[in-house]
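I opened this model to look up chain contacts, helix packing and confidence. My notes follow.

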Amino acid sequence: MSHTLQDQRPTRARKSAAPASLTRGGLPRWAPAGIAALSIALGSGIGLAFDLHSKIQWGLIASLLFIGITYAASAVVENRRQAKDRVATSLVWVCFVLAVIPLLSLMWTTISRGLKLLNGNFLTHSMNGVTSFDEGGGVYHALLGTIEQIALATLIAAPIGLLTAVYLVEYGKGKLAKAVTFFVDVMTGIPSIVAGLFILTTWNLMLGFGPSGFAGAMALSILMMPVVVRSTEEMLKLVPNELREAALALGVPKWRVILKVVLPTAIGGISTGLMLAVARIAGETAPIMLLVFGSQLINGNPFEGAQSSLPLYIWEQYKVGSDASYDRAWAAALVLIAFVMILNLVARGIARWKAPKTGR
Amino acid sequence: MAKRIDVSGLSAFYGSHKAIDDISMTVEPRSVTAFIGPSGCGKSTFLRTLNRMHEVTPGGRVEGKVMLDDENLYGAGVDPVAVRRTVGMVFQRPNPFPTMSIFDNVAAGLRLNGSFKKSELSDIVERSLQGANLWNEVKDRLGKPGSGLSGGQQQRLCIARAIAVEPQVLLMDEPCSALDPISTLAIEDLIGELKERFTIVIVTHNMQQAARVSDRTAFFNLAAVGQPGKLIEIDDTDRIFSNPSVQATEDYISGRFG
């Protein structure tokens with residue numbers, strides 16, 4: 001952190017218009033790292049000395065010490081304004097670390113406990129004939145179900161969401177557009193169990209269909225649609241109006257301008273938004289429980305009969321409560337995280353590949 | 001192929017605000033007509049009414065007649081898309097399509113309007129880039145993105161894109177205001193060549209530029225802020241800059257304005 005570009009006038013010199021000297025004392029570059037190490041050591045020392053059991057308390061003491069020592073050191077060596085600047089920087093760092101620790105801890109727990117069972121056998125076998133307390137069995141039927149349900153949900157929600165966003169940005173004026181925006185906002189807040197109950201009453205109870213992956217996909221698409229609309233809308237708004245005008249001035253009809261200029265320019269952001277929506281529904285359990293019902297067998301047909309899905313599988317295995325089923329649950333959780341992460345990487349790849357190029 | 005523009009009694013509105021009031025003028029084919037005047041006097045708005053781009057702005061509305069030879073652009077049943085193919089436009093800021101290569105940018109107007117054979121397309125692209133004096137600079141990198149070019153090159157790319165669809169009239173909205181003097185000179189030379197084939201209308205804030213490139217000059221002004229802009233006079237460029245018939249024009253040109 002270099003501070004050489006900032007106003008370096010010492011506050012003491014406020015009485016005279018010009019500072020006596022342009023140089024001032026400064027903390028060395030390693031000061032933040034050094035203070036961090038010192039405060040962690042002090043925090044641990046205090047924790048040990050006062051026999052505090054919770055490591056969270058140690059961390060909080062260290063964080064507060066870090067901010068306090070930074071302010072004091074900077075105020076003594078530098079000046080008050082610099083000290084405030086450093087405190088703000090330190091706060092940002094502390095918040096960053098606080099936000100990252102749970103994430104890393106979650107990743108670590110899932111990977112270390114999930115890897116135990118994750119192998120080819122686990123990925124290619126179902127739970128057919130494996131009782132809950134047995135070892136063995138696999139996640140294939142659940143993975144297959146998740147992939148099929150998500151694919152179907154995306155097939156339903158992506159076109160509708162995309163076209164709605166195009167309508168809102170390119171055509172929508174007046175009351176109808178306002179109403180659509182309002183209902184999209186309302187849909188964003190629908191709890192997933194309500195979406196599941198809605199499909200359950202219409203599709204299963206009123207129309208008399210049995211549980212199937214497709215019924216689950218319909219509920220998931222209700223959850224996915226507002227996310228797609230919102231993110232696509234924002235991306236389309238980012239396309240400069242000049243590009244639309246340039247294409248219109250070439251005598252291109254409006255629908256072609258949207259198809260060939262606006263959408264390609266925004267495709268990177270749109271695909272990222274789509275993947276975020278997929279990630280949002282990949283972990284849904286409630287509607288799956290109601291509509292897909294869950295199964296221990298491989299069912300490759302999402303339109304007929306009960307299926308399983310990864311979140312449902314994790315829940316089932318956890319509920320059993322045996323050592324073998326706990327291992328299966330952790331491995332399935334790892335599979336789910338990896339699945340979403342791979343989808344995200346693919347989306348980023350597409351975004352980078354399709355994004356407007358600037359190189360010569 | 002160049003056409004005459006005959007405007008009579010034209011007013012343009014943004015919602016309820018009248019931006020230009022009752023403008024009538026004639027633009028001769030195969031000539032350059034420059035629009036000068038202070039900011040906010042409606043030069044650009046008027047230019048955009050000439051290819052029905054004004055109505056793209058929300059609330060944009062036009063009254064009056066614009067005759068292109070003997071067709072009224074605002075007549076019943078006129079397709080704005082067809083108008084814009086006939087009357088091309090170059091904008092103030094260079095705006096090549098960021099997702100397209102140099103080749104695709106020039107071919108955009110044709111490709112987006114229908115299918116063409118690859119060989120036919122490359123002929124047109126080469127001709128248009130040569131027409132815009134850009135061919136020699138980009139012929140080795142037609143597949144590279146258009147946004148990698150310099151500002152002046154990008155603007156000439158936009159001109160090539162506009163002339164590739166073979167319009168009758170070319171409207172230019174301050175095409176040099178974002179460019180350095182050398183690129184400006186290149187564009188001005190280009191305008192001199194293009195007027196052999198097109199009717200050109202150019203909006204400019206640069207009085208020397210108007211004097212250099214145009215055959216006729218129109219001076220626009222507005223009575224006060226919030227009032228609609230009006231056409232003060234249109235005459236041969238030589239006369240406007242040496243002996244204008246209205247005092248306001250002389251004041252503006254000699255810098256005694258306001």
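**Chain A against chain B**

I looked up the contact first: chain B puts in 26 residues and chain A 21 residues. Two residues are in contact here if their C-beta atoms, placed from the backbone, lie within 7 Å. This is a predicted model, where local features need pLDDT of at least 70 and side-chain atom pairs count only at pLDDT 80 or more, while totals for chains, interfaces and linings use all residues. Residues are numbered from 1 along each chain as its sequence is written, chains are lettered from A and ligands numbered from 1 in the order in which they are written.

Next I checked which elements of chain B touch chain A. Helix H2 (80-86), strand S6 (87-90), helix H3 (102-111) and helix H6 (151-164) of chain B each supply at least two residues to that side. Helices (H or I, at least four residues) and strands (E, at least two) are DSSP runs, numbered from the N terminus. H2(B) gives the most, with four residues. By class, the side of chain B that touches chain A has 13 nonpolar, eight polar and five charged residues. Ala, Val, Leu, Ile, Met, Phe, Trp, Tyr, Cys and Pro count as nonpolar, Asp, Glu, Lys and Arg as charged, and the others, Gly among them, as polar.

**Helix pairs**

How do H3(B) and H6(B) pack, at what angle and how far apart are their axes? I read an angle of about 30° and axes 7 Å apart. Axes are lines fitted to C-alpha atoms, for helices over the stretch in contact, and angles run from 0 to 180 degrees between N-to-C directions. H3(B) is therefore roughly parallel to H6(B) (angles under 35 degrees count as roughly parallel, over 145 as roughly antiparallel, 65 to 115 as roughly perpendicular and the rest as oblique). Residues in this contact include B:Ile102 and B:Leu110 of H3(B), and B:Leu157 and B:Arg161 of H6(B). I noted eight nonpolar, two polar and one charged residues in the contact of H3(B) with H6(B).

In chain A I took helix H10 (residues 254-282) and helix H13 (residues 323-354): their angle is about 170°, with axes 8 Å apart. So H10(A) is roughly antiparallel to H13(A). Among the residues making the contact are A:Met275 of H10(A) and A:Phe339 of H13(A). The contact divides into 13 nonpolar, four polar and two charged residues.

**Confidence in chain A**

Chain A averages a pLDDT of 87, and 93% of the residues score at least 70. pLDDT is the predictor's confidence in each residue, from 0 to 100. Over residues 1-7 of chain A, pLDDT stays under 50.
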